[in-house]
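Please read the following report beside the model.

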Amino acid sequence: MIQKLLSKNCNTHGQDSSYFLGWQEYEKNPYDPIANPAGIIQMGLAENQLCFDLIESWLENNPAPAGFQEDSALTFRDLALFQDYHGLPAFKKALVNYMGRVRGNRVRFDPNNLVLTAGSTCANEILMFCLADPGEAFLLPTPYYPGFDRDLKWRTGAEIVPVHCSSFDDFRITGAALEEAYHRAHKRGLTVKGVLVTNPCNPLGTAMTRIELDALIEFVVAKGIHLVSDEIYAGTNFAEPGFVSVAEVIADGRADSARDRIHIVCSLSKDLGLPGFRVGGIYSENEAVVSAATKMSSFGLVSSQTQYLLAALLSDEEFTEEYVAENRRRLRGRHDALVRGLRAMGIECLESSAGLFCWVDMRHLLSASTFDGEMELWKKIVYQVGLNISPGSSCHCDEPGWFRLCFANMSEETLNLALRRLQAFVDSGRDSPNGGGVGQRPRRQFVAHWVLRSAPSSKSER
């Protein structure tokens, strides 16, 4: 009866994806080293907890902003009263300066072109409302962040058409793949309004090359459509090749004919590790988009208190420079530890240079080279191994057997425990009398191949 009172939109959230289902299982049985040492370890959360000590140290040394003080005068009343939805000028200036810093100061941003939003989720949805009518489509290269099925479609009515990328060329975006997706959309009667990419990519952890960016710009220019570059992982690039923002292509003048159709999404959730602060933004040189997005941002504002505090933190250039460098160093160390641990048990990862996760190749562990085989393996890893990881099918990957494993949302001790659990599971499959790999690997050879045990646990039968 209650369900009948709800709108049809309430049933299209995409919560039945294995990405969200894994979260639900984790929440039922979360790992805790003391209270629940046998619980599920969360490796499906792209959260950066590696540098909280740096921010906490800054807060201890700079108590005034968190205490609503400025020059010994309380600012509480000013912050508590109504604020214009354009945002605090001091914060917008500090944020665009920080955006330039994480991009190596190779490009400058104008605060007048920045729209503040309550996180990147809000930013992406606002852009869909601004750029596409219900039933119109955006092209998204696969694999892509599972939440986009919710963020881009749920309330806007926009459609997603996948751009199929292959492990054969490390899932790089090609002109041929873009053209194929564009024509496939037209065969479905869909009007394509643009392309949305994540750069650096979630879930791949790779940064787009200049060749890819040039091809992408050439494509959107030829089609007369928009390009949305979600760059929330810009500050997580920790290795070569370095991150190149689409803003740099614009600055070079090679995208002049499309610069009013190129829009950047930014956030402080991934590099600064502040998803709970809900700070994101849209950067665009299109005045109409900025105007419309600013009006729409009134439904998802960043609190004045948050802006005030972060304006002070981001304006401390000595701190931000040290933070960016140390954050990258720690991410590199944690990434390398995960890759080494997986490689020791015969599991390889896509070579990556950014992000808070690895794109892990477990095709040789499948009982069958199908998505049913992938789901079988995923359930065993969740219920038997006690790790919540994201299966590639939840990211719309065309090839079964790839998984995303996050490494920055836990302690080093917890990561080592996760690796030991996975090692024991792999060893149990290697020792099985049915040992012998099923999946074929077109690009890499491994020392050992095996089939995992097929007996379901009591939990997986629930």
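Trp359 has Arg404 of strand 15 as its bridge partner. This is a predicted model, in which local features need pLDDT of at least 70 and side-chain atom pairs count only at pLDDT 80 or more, while totals for chains, interfaces and linings use all residues. Residues are numbered from 1 along each chain as its sequence is written, and side-chain values use heavy atoms, with hydrogens and water left out.

Strand 12 (residues 357-361) and strand 15 (residues 402-406) run antiparallel and are joined by five bridges. Helices (H or I, at least four residues) and strands (E, at least two) are DSSP runs, numbered from the N terminus. Two strands pair if DSSP finds at least two bridges between them. The open sheet of four strands has the order 11-12-15-14, with antiparallel pairing. Its edge strands, strand 11 (348-349) and strand 14 (390-391), each pair on one side only. Helix 13 (residues 317-344) packs on this sheet and touches strand 11, strand 12 and strand 15, and its direction makes about 15° with that of strand 12. Contact here means heavy atoms within 4.5 Å. Axes are lines fitted to C-alpha atoms, for helices over the stretch in contact, and angles run from 0 to 180 degrees between N-to-C directions.

Another open sheet has seven strands in the order 4-10-9-8-7-5-6, with mixed pairing. Strand 4 (114-117) and strand 6 (159-163) stand at the edges with a single partner strand each, so one side of each has no neighbour in the sheet. On average, neighbouring strands of this sheet are turned by 25° against each other, direction ignored. Within it, strand 7 (residues 192-198) and strand 8 (residues 226-230) run parallel and are joined by five bridges; Thr198 has Asp230 of strand 8 as its bridge partner. Helix 6 (residues 119-131) packs on the sheet, with strand 4, strand 5 (137-141) and strand 7 among the strands that it touches. Helix 8 (residues 175-187) lies across strand 5, strand 6 and strand 7.

| Helix 13 | strand 12 | about 15° |

Helix 2 (residues 52-61) and helix 12 (residues 304-315) have axes that come within 11 Å and cross at roughly 100°. The two helices are therefore roughly perpendicular to each other, a label given to angles of 65 to 115 degrees. Ile55, Trp58 and Leu59 of helix 2 meet Leu309, Ala312 and Leu313 of helix 12. By class, this contact has six nonpolar, no polar and no charged residues. Ala, Val, Leu, Ile, Met, Phe, Trp, Tyr, Cys and Pro count as nonpolar, Asp, Glu, Lys and Arg as charged, and the others, Gly among them, as polar.

Thr306 also lies in helix 12. Thr306 counts as buried because its relative accessibility is 13%; buried means under 20% relative accessible area (1.4 Å probe, protein chains only). Not counting residues up to four places away in sequence, Thr306 touches Phe277 and Val279.

Val302 lies in the loop between helix 11 (287-296) and helix 12, and counts as buried at 7% relative accessibility. Leaving aside neighbours within four places in sequence, Val302 has contacts that include Leu116, Thr117, Val279 and Gln307.

Overall, the chain has 15 helices and 15 strands, and 55% of its 462 residues count as buried.

Technical notes:
Parallel < 35°, antiparallel > 145°, perpendicular 65-115°, else oblique. Buried < 20%, exposed > 50% of the residue type's maximum accessible area, 1.4 Å probe, protein only.
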